[in-house]
Amino acid sequence: MQRNRRIDFVWCSVVQTILRFLKEGIGMQSSTLAIIIIVLTIISFVLEKIPLAMTAMLSALVMGLFIPEMPLSAIYAGFSSTTVMMVAGMMIVGDSLFQTGMANKIGNALIRSPIAKNERLFVVSVVALCTLLSAFLSNSGTIAMMMPLIGAAALRSQRVIRNKMVVMAAGIGCAIGGGATLVGSTSQLTANGILQKTAGYEEGIQLFDMTKGMAPLCLIMLLYFATVGYSIMKKVFKPELGDDSFNVAAQSSSSLNEVPAWKGYLSLGTLILCVVGFVLTGYQPFKSWFNVGVIGLVGGTILITSGCMPLKPTLRDLDWNTLVILAAAQGFAKGLDVSGGGKVIATFVLELFGGPKASFVALMIAGLLVITVLTQFMSNTALAAMMTPIYIAIALQMGISPVPFVIMVACATNIACSTPVGTPCVTQTLPAGYSYMDYVKVGGPLFIILVIAACFIFPVVYPMTPLH
């Protein structure tokens with residue numbers, strides 16, 4: 001702990017010294033300074049020598065302290081944003097499904113069904129369930145819940161089903177499914193939070209705006225695991241002695257039996273209520289009555305005040321790392337914007353593609369290729385925080401709506417399936433006994449297929465539109 005604190009202090013001191021020298025000694029323009037800060041932030045995100053949340057907070061602080069155009073209040077303004085409030089509330093709602101045993105009941109229903117007697121069918125069914133659940137719940141929470149259930153099914157199947165044949169596919173299903181709606185993963189929430197800071201686009205993207213692009217990719221993924229993907233896994237994961245013995249500690253059945261059934265049903269009902277509320281916010285007059293932040297807080301409040309979730313443990317167990325990244329990302333994105341750094345980067349990219357008259361399709365495809373590759377190796381949330389303000393600036397330079405580009409960034413940061421470090425829900429599958437190259441062999445071909453498909457689908461379903 002002390003060593004980590006020393007690293008944080010040294011990194012902050014080095015950054016401040018470099019920036020003070022550049023700003024005061026050379027008289028560097030704010031736009032250039034902001035770009036340097038972003039580059040240092042990206043390097044820190046990739047290296048992860050200090051926690052991602054700390055990097056995001058340091059970047060926002062440095063932006064506020066050294067960019068004169070950025071008001072100090074912008075450093076922490078993101079902590080009261082609609083996005084952060086929604087995420088905090090939905091973390092409570094999602095966790096309640098696991099704590100009350102409702103998520104286990106849903107998973108056990110799958111295990112008791114006839115599909116558990118056929119491995120290929122079981123793989124596809126689990127991937128489909130993970131994809132669907134991750135679209136509305138935490139994708140990390142979904143795979144954490146599914147792994148012990150998969151292990152139990154493998155143990156009862158007498159080697160008909162093997163863990164290695166299911167767990168990785170389930171993790172990939174959670175990653176891709178998490179990008180199918182606004183609330184499935186944190187990267188799209190980060191992108192949306194930054195978009196909402198853009199004048200004229202305070203409403204952001206809606207719950208199912210990403211579904212038009214990601215639903216076809218989810219179907220392609222299911223088809224992949226039903227055909228060539230399953231065949232690849234059979235070659236890569238050869239049967240081994242004791243292969244079905246893997247098991248993950250799950251919440252004990254006795255503890256779940258002690259939870260009153262009404263708590264589980266109330267948790268499920270609250271989730272459904274929140275989803276309905278998210279949908280209604282896209283229509284008048286509902287959007288003038290409440291927003292997604294209010295809905296998330298209402299959902300969390302219902303579960304805490306009813307006794308489904310205890311107050312202190314619930315607040316303690318919130319994923320504060322994610323919440324800090326979400327809030328701080330809006331701070332350093334603001335610095336990049338007000339300093340003019342975003343416009344400088346946007347102009348440079350535009351010139352590479354022909355200036356303000358650059359092809360919209362070419363820019364979208366270029367973004368898909370760059371972002372999907374980068375997200376295999378760095379945090380998808382951090383990458384969304386980096387790329388969203390740049391593409392917003394590009395769109396404004398072109399005189400078009402930034403929404404299609406923001407949706408593209410949000411979706412692309414979730415196509416992470418060829419390495420075990422692209423997204424947390426895939427990383428969580430490592431205890432099943434996979435090597436790094438296992439992910440490359442199984443997820444690599446799928447990644448290539450999904451990226452090619454996205455390059456054809458996204459420019460069509462998210463066409464160029466004029467500014468508001």
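Author: In this predicted model, helix α11, residues 228-236, packs against helix α22, residues 436-461, at an angle of about 165 degrees. Their axes lie 9 Å apart. Angles over 145 degrees count as roughly antiparallel, and α11 and α22 are therefore roughly antiparallel to each other. The crossing of α11 and α22 is right-handed. On the α11 side, the residues in contact are Ile232, Met233 and Val236; in α22 they meet Asp438, Lys441, Val442 and Pro445. Sorted by class, this contact has 5 nonpolar and 2 charged residues, with no polar ones.

The largest pocket holds about 1200 Å³ of space. Its lining is made up of 50 residues, and the closest to the pocket centre are Ser138, Asn139, Ser140, Gly141 and Asp319. Several helices give two or more residues to this lining: α4 (82-99), α5 (102-111), α7 (139-156), α9 (186-195), α16 (320-338), α19 (380-398) and α21 (424-427). Of these, α4 gives the most, with 10 residues. By class, the lining of the largest pocket has 26 nonpolar residues, 20 polar residues and 4 charged residues.

Technical notes
Residues are numbered from 1 along each chain as its sequence is written. This is a predicted model: local features need pLDDT of at least 70, side-chain atom pairs count only at pLDDT 80 or more; totals for chains, interfaces and linings use all residues. Side-chain values use heavy atoms; hydrogens and water are left out. On a 1 Å grid over the protein atoms alone, a cavity is a set of points where a 1.4 Å probe fits but cannot get out, and a pocket is an open set with protein on both sides within 12 Å along at least five of seven lines; lining residues have an atom within 4 Å of a point. Grid points are joined across faces, edges and corners, and a volume is the space filled by probe spheres set on the points. Helices (H or I, at least four residues) and strands (E, at least two) are DSSP runs, numbered from the N terminus. Ala, Val, Leu, Ile, Met, Phe, Trp, Tyr, Cys and Pro count as nonpolar, Asp, Glu, Lys and Arg as charged, and the others, Gly among them, as polar. Axes are lines fitted to C-alpha atoms, for helices over the stretch in contact, and angles run from 0 to 180 degrees between N-to-C directions. Angles under 35 degrees count as roughly parallel, over 145 as roughly antiparallel, 65 to 115 as roughly perpendicular and the rest as oblique. A crossing is left-handed if the near helix is turned anticlockwise from the far one by less than a right angle, and right-handed if clockwise. Contact means heavy atoms within 4.5 Å.
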